[in-house]
Amino acid sequence: MQFMLLFSRQGKLRLQKWYNAHPDKLKKKITRELITTILTRKPKMCSFLEWRDLKIVYKRYASLYFCCAIEQNDNELLTLEIIHRYVELLDKYFGSVCELDIIFNFEKAYFILDELLLGGEIQETSKKTVLKAIASQDLLQEEETPQGFFEDHGLG
Amino acid sequence: MALKKVKGNIERMFDKNLTDLVRGIRNNKENEAKYITQCMEDIKQELRQDNLTVKGNAIAKLTYLQMLGYDISWAGFNVIEVMSSNKFTLKRTGYLAASQSFHCDSELLMLTTNMIRKELNSQNQYDAGLALTSLSCYISTDLARDLSQDILTLLSSTKPYIRKKAVLMMYKVFLKYPEALRPAFPKLKEKLEDPDPGVQSAAVNVICELARKNPKNYLSLAPVFFKLMTTKTNNWMLIKIIKLFGALTPLEPRLGKKLIEPLTNLIHSTSAMSLLYECINTVIAVLISISSGMPNHAASIQLCVQKLRILIEDSDQNLKYLGLLAMSKILKTHPKSVQAHKDLILQCLEDKDESIRLRALDLLYGMVSKKNLMEIVKKLMVHMDKAEGTIYRDELLAKIVLICSQNNYQFITNFEWYLTVLVELAQMEFGSKQGHVIAAQLIDVSIRVQAIRSFAVAEMAQLLEFYASNSQFSIMQDVLYSAAWLCGEFASELKEPEASLIAMLKYKSLPPHIEIVFIQNILKLYACCLMKYELAQDYDKICGMYEVTQRKLENSLKSPEIEVQERASSTLMILEVVHCEVMAKKGVKTEQIMEDFDLPIDAEVDKGETVAMQLLNLFNGDLNPVAPKAQKKVPIPEGLDLDSFIEEPDFGENEYSSDSDYEIKGNLFVKDSNERNSKPELTEEEKVKIREARKNEQMNNPHYLKSSNKKYEDIPVAELQLDVPLKVLSKRSDKYLKFDNGAKKSRKNKRSKKHKVESSTDDDNELVNKTLMVNQNLELPEGATLSDSEGSVGNPDDPHRALDIDLDLPGLDEKKLADSPQPESNKIKSKKKKHNKIKKDKSVAAAAAAAKQPGDDGENKKKMKKSKDKKEKTKKKKSKELSNEYEEALGISTPSKEFP
């Protein structure tokens with residue numbers, strides 16, 4: 001997978017993950033182009049498009065579009081499954097996820113994605129394992145916070 | 001001092017955190033930019049503080065702003081600071097910011113090497129995981145080289161969480177630092193048997209990706225993967241394995257035979273569509289790669305096509321799309337199996353979804369035959385009428401032309417029909433960019449099918465007469481180009497060349513490249529008419545014609561386009577010379593007639609003596625179609641070096657003046673002349689003209705709201721007195737279809753159903769037969785033939801070509817790679833990888849030889865010395881062992897052992 005974008009129906013980007021390094025300008029150009037192309041597509045159209053030398057796979061969940069770019073001989077249906085898996089994970093983690101969850105906890109959304117995919121390749125297919133990894137990392141953070149709070153604020 | 005610190009910290013407690021920022025942005029929708037500028041200032045302030053927690057908060061906010069499209073590269077150093085914290089929370093923030101904002105060319109990355117190494121070796125698996133995840137986004141060649149050993153060590157970590165990430169990370173390392181592949185490969189292979197399914201699946205992923213780019217080197221792993229495929233049930237992994245086999249089979253057909261059975265079993269049994277689709281794709285790849293000697297090969301194709309039919313019939317648009325996509329792959333090798341499902345594909349042409357219709361169109365070219373071509377094209381024409389969206393229409397138009405013209409117009413039984421279709425397409429006025437396609441077809445058909453010429457020319461003459469130049473769409477203008485050319489070139493076929501000449505003279509303000517063609521062909525038509533009049537000794541008409549033509553050409557002289565000016569002026573000169581000549585002859589003749597009344601007028605006019613004949617000689621000679629590759633086949637004359645400079649460019653003087661300077665100069669000059677020419681010289685008269693032109697344009701513009709409906713009547717089209725009304729004209733091609741059907745049903749009706757062609761039935765049959773002859777003699781330079789191998793000019797996109805490197809010349813290849821910017825395309829990378837690997841194979845052999853005969857180092861070894869860095873050298877002994885083991889396993893030549 002080359003990159004993954006999440007954007008709202010209004011065309012606002014909610015998350016972007018690039019697995020190949022591109023200059024910022026190009027990223028912006030690609031994002032803008034894809035958002036407009038996908039938003040103009042009608043709901044009943046299929047989820048795939050040919051774009052430059054890549055294939056774009058996208059799917060809409062509620063008000064959010066999930067959009068992935070894959071290479072010519074990658075499997076489109078598998079990519080849809082990955083998107084779906086990611087949505088399931090978000091849903092499990094946040095408890096029936098909505099767009100606001102992702103807006104306000106965007107870093108968590110990134111962390112979950114990073115446990116699912118690494119370098120654009122699927123990393124863990126078990127939902128349980130992913131959630132466990134995220135939970136234990138969150139725990140690590142929580143353990144740090146109370147004891148560090150006063151210290152951090154120079155009051156300890 | 002301490003008080004100040006406390007004070008600063010208390011102030012900071014009121015700082016915005018990330019949630020505040022997000023909320024703030026949402027509450028300030030009107031002046032978001034202003035709000036964010038303010039926030040940026042705050043963040044910069046926060047980053048100046050010593051406290052890492054504050055910095056972490058700032059970086060978290062920056063990461064959010066980065067997503068919104070703001071540049072945060074300036075904060076790179078601060079990101080690294082936060083990454084280096086020993087608190088997991090801050091590390092998490094820091095590494096996330098890094099993975100989002102760092103670029104692999106960044107010089108900052110140098111600072112991270114040791115920090116990341118520390119994290120990789122951390123006791124906490126999540127520290128290492130964080131570092132790996134983040135690194136995968138911005139790994140550079142330097143980082144890959146420096147950290148490859150550390151990551152490799154992680155492959156043997158006791159924690160599956162780390163192993164899994166490390167395995168995937170190795171792929172990124174290979175891409176940036178191919179030298180790492182060889183020492184790492186045995187370990188990677190081990191991971192295929194890892195007890196943890198996640199690690200195993202990651203290893204399959206990496207090897208699959210490597211093998212897809214360069215399958216040759218992974219054939220030896222086929223047995224391992226074959227075992228995995230038949231024993232595992234994890235669909236995610238199966239898909240990857242099956243994809244891998246799809247890449248391997250073209251190299252080893254025997255593998256393909258072995259695969260068919262398990263794959264067909266999977267196709268039968270699986271309920272997962274993604275797996276089914278992958279299986280079908282691989283079966284198709286297998287069947288394409290193995291020769292037709294397979295016994296149950298037809299059955300497999302049949303199975304695939306059947307399953308695909310189910311996909312296409314599914315209500316899910318995605319499956320429909322993919323089904324059609326896979327069908328088009330089968331179509332290339334097994335057209336007959338796909339043709340059986342013609343009904344389904346034609347049905348998909350009616351689908352609501354444009355992308356599905358486009359896929360169905362792709363398949364269509366394989367569906368046509370002589371019998372159904374007209375019918376299919378008629379359907380497509382209906383689509384043309386209905387379709388909204390220029391892109392789809394363009395695609396349709398291109399496909400119509402493609403399916404009709406394929407294989408030298410193999411399926412066309414009636415060229416009159418095809419020409420009518422082309423004309424109709426041209427008449428569908430829309431903003432298409434495909435006008436040139438139609439134009440090219442019109443010319444191609446008329447040149448190559450001699451029998452159709454008179455019909456074509458008549459059609460073109462009609463087009464020229466009916467279409468005024470105010471047509472605003474380029475499609476018609478492109479067609480006018482070919483209409484003008486055809487009428488001029490085959491003027492002798494015209495029934496009324498005068499009418500066409502007059503029609504062509506009427507056109508004003510054509511695009512320059514079309515105007516040029518008009519001027520040239522006006523001369524040809526003039527010559528043709530002149531001949532006619534001269535034979536009839538109709539000198540009044542000659543004078544009239546001369547005057548009109550002269551006027552038009554003088555108009556063209558005023559064109560701003562230099563090419564148009566030049567053509568107009570030379571044509572004008574020719575015209576004048578010819579006219580003087582004719583008039584001189586007329587003088588002589590009238591004298592003769594005055595002297596001797598007995599001479600009959602027409603008796604002495606001989607074709608050869610006419611002035612027109614001399615003019616016509618200018619355009620003598622037959623035109624033959626030129627083969628598409630002809631230009632490439634022209635041999636380069638001896639002694640001509642295309643790469644050498646004719647005149648050495650002078651670099652010395654211009655060194656300091658950059659390109660932009662030139663641009664500015666050029667622009668200044670153009671601007672200058674424009675201003676001088678256009679602005680001050682607008683006289684009252686011209687203004688009136690411009691105003692009129694604008695009104696005229698507005699009137700003809702369908703998108704412009706007209707003040708009153710009456711003006712419609714002023715549009716010239718309505719005034720035309722046509723024998724056949726325009727509306728009927730646009731459906732003319734249907735008649736051929738009816739005619740065709742009629743001919744099949746009853747021969748008796750033929751005569752009555754015929755339109756236009758006023759010839760007897762026998763003549764008609766003859767005509768049809770004649771029109772079937774497509775001239776296939778293509779002009780080529782002497783000595784060249786069409787089937788000549790292309791040599792170095794072949795298709796550069798063919799992946800097999802790219803991989804076909806002469807490995808005896810490693811230096812050359814290396815240089816090429818060094819020239820190319822840091823590998824971005826995987827192709828280059830894989831080339832390099834392969835190259836390196838084989839080079840190392842050789843170098844190992846050379847090393848072995850060297851052990852026996854010291855001092856006899858081959859060239860390869862020297863090269864190897866250069867390319868390998870010091871680290872590698874120290875490991876040489878180890879790598880030799882590894883490579884030996886690897887070579888043993890390679891056994892590319894004897895895979896049949898594994899597949900009896």
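Which helix of chain B does B:Lys695 lie in? I looked this up before anything else, noting that the model is a predicted one.

**Entry: B:Lys695**

I find B:Lys695 in helix H36 of chain B, which spans residues 684-700. I then checked its cover. B:Lys695 has 53% relative accessibility, so I list it as exposed, the cut-off for that being over 50%. B:Lys695 belongs to a positive surface patch, together with B:Lys687, B:Arg691 and B:Arg694.

**Entry: helix H28 of chain B**

I turned to H28, residues 497-506 of chain B, and asked how many of its 10 residues are buried. The count is seven, and I note the helix as mostly covered. I wrote down the buried positions in H28(B): B:Pro497, B:Glu498, B:Ser500, B:Leu501, B:Ala503, B:Met504 and B:Leu505.

**Entry: chain A**

I went on to the secondary structure of chain A and found five helices and seven strands. Along the sequence, I read their order as β-β-α-β-β-β-α-α-α-β-β-α.

Last, I checked contact range in chain A. Taking contacts with a separation of 6 or more, I find that 47% join residues 24 or more positions apart.

Methods: Residues are numbered from 1 along each chain as its sequence is written. Chains are lettered from A and ligands numbered from 1 in the order in which they are written. This is a predicted model: local features need pLDDT of at least 70, side-chain atom pairs count only at pLDDT 80 or more; totals for chains, interfaces and linings use all residues. Side-chain values use heavy atoms; hydrogens and water are left out. Buried means under 20% relative accessible area, exposed over 50%, partly exposed in between (1.4 Å probe, protein chains only). Helices (H or I, at least four residues) and strands (E, at least two) are DSSP runs, numbered from the N terminus. Contact means heavy atoms within 4.5 Å. Patches are made of residues with over 30% relative accessible area and no salt bridge: like charges are joined within 9 Å, nonpolar side chains (Val, Leu, Ile, Met, Phe, Trp, Tyr) within 5 Å. Accessible areas come from the Shrake-Rupley method with a 1.4 Å probe; for residues, only the protein chains shown count as cover. A salt bridge is a side-chain nitrogen of Lys or Arg within 4 Å of a carboxyl oxygen of Asp or Glu. Lys and Arg count as positive and Asp and Glu as negative; His and the chain ends are not counted. The place of a charge is taken as NZ of Lys, CZ of Arg, CG of Asp or CD of Glu.
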